[in-house]
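Visitor: Hello! Could you walk me through this protein, one question at a time?

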Amino acid sequence: VQLQASGGGLVQAGGSLRLSCAASGRASSTYDMGWFRQAPGKEREFVATIKWSIIWRGGGTYYADSVKDRFTIPRDNAKTTMYLQMNSLKPEDTALYYCAARESSYSGYYIYPTDYKYWGQGTEVTVSS
């Protein structure tokens, strides 16, 4: 699968952005997908993930503590696109954001970059104070 991330930009603190991750090939619902980010000089870190395999049971999303209650992955997305709705943005959210995918699994949530096989090219988010 090929992933294409978009939607980044410059926004003031407190503002919102919506990132998109378009997946070519199979529908995104056949993968576990995630968002990661990497700030300059820092390691890539987990942001959020969605497990389509357990959405129907009411679960399926998991967020880093740093973004919980501010970022969400909408669950009614198109079959080939995953979104990241980012609200109440802070300057420390400034980073290059990547989307990633792996073969769907009924196991727990995957939060490490090495858990994912497919990566998009990244979209830059800058939050000014």
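Visitor: In which strand is Arg 37 found?

Guide: A word on the source: this is a predicted model, where local features need pLDDT of at least 70, side-chain atom pairs count only at pLDDT 80 or more, and totals for chains, interfaces and linings use all residues. Residues are numbered from 1 along each chain as its sequence is written, and side-chain values use heavy atoms, leaving out hydrogens and water. Strands are DSSP runs of E with at least two residues, numbered from the N terminus. The run covering residues 31–38 holds Arg 37, and that is strand β4.

Visitor: Is Arg 37 buried or exposed?

Guide: Buried means under 20% relative accessible area, exposed over 50%, and partly exposed in between, using a 1.4 Å probe and protein chains only. Arg 37 has a relative accessible area of 5%, so this residue is buried.

Visitor: With which side chain does the side chain of Arg 37 make a polar contact at 2.6 Å?

Guide: A polar contact is a pair of N or O atoms within 3.5 Å; within protein, one must be able to donate a hydrogen and the other to accept it, and residues adjacent in sequence count only if both atoms are side-chain atoms. The side chain of Arg 37 has such a contact with Tyr 97 at 2.9 Å. The partner at 2.6 Å is the side chain of Glu 45.

Visitor: Which cysteines form a disulfide?

Guide: A disulfide is a pair of cysteine sulfur atoms within 2.5 Å. Here the sulfur atoms lie 2.2 Å apart, and the pair is Cys 21 and Cys 99.

Visitor: Where in the chain are Cys 21 and Cys 99?

Guide: They link distant parts of the chain, 78 residues apart. Cys 21 is in strand β3, and Cys 99 is in strand β9.

Key: Helices (H or I, at least four residues) and strands (E, at least two) are DSSP runs, numbered from the N terminus.
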